[in-house]
Amino acid sequence: MTESVLMNRLARLAARPSGTCKPSDWTFCDEPLREPAEGEFVVKVSHISLDPAMRGWMNEGKSYIRPVAIGELMRAGGAGKVIASKHPGFQVGDEVAGTFGVQQYAVSDGKGVRKVDTRFAPLSTYLGALGMPGMTAYFGLLDIGKPKPGETVVVSGAAGAVGSIVGQIAKIKGCRAVGIAGGAEKCAYLTQKLGFDAAIDYKGEDVKAALKAHCPDGIHVYFDNVGGDILDAALSRLAMHARIVICGAISQYNNTTPVKGPANYLSLLVNRASMTGMVVFDYAERYAEGGREMAQWIAQGKLVAKEDVVQGGIDAFPDTLMKLFKGENFGKLVLAL
Ligand SMILES: NC(=O)c1ccc[n+]([C@@H]2O[C@H](COP(=O)([O-])OP(=O)(O)OC[C@H]3O[C@@H](n4cnc5c(N)ncnc54)[C@H](OP(=O)(O)O)[C@@H]3O)[C@@H](O)[C@H]2O)c1
């Protein structure tokens with residue numbers, strides 16, 4: 001790789017948080033980077049993806065993916081450049097995205113790593129619209145929500161990585177798109193820049209009343225990113241045969257009390273509606289299909305990929321992650337090293 005050993009700064013999980021996470025939940029260390037073995041390569045990580053799911057990965061217990069162990073490198077998506085390679089499929093200089101962890105350098109065997117093309121879009125976009133959040137929006141809305149032209153699609157967390165893409169795809173598919181987000185600035189962005197038909201500021205408006213005003217025919221598809229009271233409000237406004245996509249419940253991730261479930265669930269019965277959970281990894285074999293169509297929409301100017309790129313070192317990871325839970329990010333949150 002190089003004559004001298006590279007030192008790698010990384011974050012290891014130190015504690016399982018109760019409630020909101022804090023910087024002491026990780027330890028930060030400098031460790032010598034090992035040489036790649038035959039079939040491996042080294043990535044200099046330049047961008048780390050911050051995802052609400054990280055909070056769940058810190059918890060013990062059964063989920064769709066095993067928890068990060070205490071003492072283990074903190075799991076994270078990321079992107080960067082190959083700087084050394086003993087792998088026939090990856091050359092020095094290749095730009096790549098994968099699950100590289102919260103660290104400066106990653107040694108990889110290539111599993112789950114894909115090459116990306118920065119002539120088309122910056123690396124940060126491959127962690128957002130052309131990465132995991134984009135695939136979540138695409139497959140969650142189209143495969144589970146199954147929106148039809150003329151229907152009303154409501155999405156919560158609408159100014160975020162997943163939600164902003166959901167609303168824009170809904171518009172591309174000829175639907176009415178209504179977003180729910182925190183604050184007037186985010187709501188104005190949704191209607192003025194992203195083409196949403198209406199936006200509801202859940203911090204300043206009565207969501208139930210606003211849904212009634214903006215969804216005169218009811219909600220045909222509700223794409224839920226936040227759970228809690230907003231899910232309940234959406235349930236109260238369903239159209240007949242509505243589909244609810246359970247993508248996430250960020251309002252509940254830092255609870256120290258049990259998750260608040262929907263009280264209005266009998267609305268599913270009355271409206272012959274369905275509520276379906278989705279995990280993006282189930283669509284891994286179809287990412288190329290989703291990526292191609294999303295890239296085309298970006299190139300045609302039909303889809304805006306907004307990223308919130310924070311500059312900082314590995315030690316900036318905890319404070320940057322917390323922005324997601326305070327609503328301080330605007331678009332896909334990325335830490336640029
Ligand atoms: N199922 C899957 O496979 C999958 C994959 C990716 C993501 N997800 C889920 O999708 C959701 C969105 O993820 P993302 O990466 O796109 O994050 P994001 O929306 O870019 O960022 C999180 C946003 O959540 C909102 N938020 C935070 N606390 C809230 C609360 N108490 N009530 C309502 N809104 C709150 C904030 O926006 P405001 O300013 O609007 O409050 C914040 O900006 C998360 O629930 C995540 O877990 C699921």
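Is Lys-111 buried or exposed? Lys-111 is exposed, because its relative accessible area is 69%; the cut-offs are under 20% for buried, over 50% for exposed and partly exposed in between, with a 1.4 Å probe and protein chains only.

Hi everyone, a quick word on the model first. This is a predicted model, where local features need pLDDT of at least 70 and side-chain atom pairs count only at pLDDT 80 or more, while totals for chains, interfaces and linings use all residues. Residues are numbered from 1 along each chain as its sequence is written, and side-chain values use heavy atoms, with hydrogens and water left out.

Back to Lys-111. Its salt-bridge partner is Asp-109, with the closest N and O atoms 3.2 Å apart; a salt bridge here is a side-chain nitrogen of Lys or Arg within 4 Å of a carboxyl oxygen of Asp or Glu. Asp-109 is partly exposed, at 37% relative accessible area. The count of salt bridges comes to 16.

Next, please find Arg-9, which forms a salt bridge with Asp-30 at 2.7 Å between the closest N and O atoms. Arg-9 sits in strand β1 (residues 7-13) and Asp-30 in strand β2 (residues 26-32), so this pair ties together parts that are 21 residues apart in sequence. (Strands are DSSP E runs of at least two residues, helices are H or I runs of at least four, and both are numbered from the N terminus.) Arg-9, Asp-30 and Asp-315 are linked in a salt-bridge network.

Now, which residue forms a salt bridge with Asp-51? That is Lys-332, with the closest N and O atoms 3.0 Å apart. Asp-51 lies in the loop between β3 (41-49) and α1 (53-57) and Lys-332 in strand β15, so the pair ties together parts 281 residues apart in sequence. Both residues are buried, and Lys-332 has a relative accessibility of 3%.

Finally, the ligand. It is surrounded by 26 residues, the closest being Gly-182, Lys-186, Tyr-202, Tyr-253 and Asn-329; to count as near, a residue needs a heavy atom within 4 Å. Helices α2 (132-145), α3 (161-172) and α9 (317-326) each supply at least two residues of this shell. A polar side-chain atom of Asn-329 lies 2.4 Å from a ligand oxygen. Backbone N or O atoms take part too: one from Ala-161 lies 2.8 Å from an oxygen atom of the ligand, and one from Val-280 lies 2.8 Å from a ligand oxygen. Taken alone, the ligand exposes 910 Å², and the protein buries 89% of that, using Shrake-Rupley areas with a 1.4 Å probe.

Thanks, everyone!

How values were computed
A polar contact is a pair of N or O atoms within 3.5 Å; within protein, one must be able to donate a hydrogen and the other to accept it, and residues adjacent in sequence count only if both atoms are side-chain atoms.
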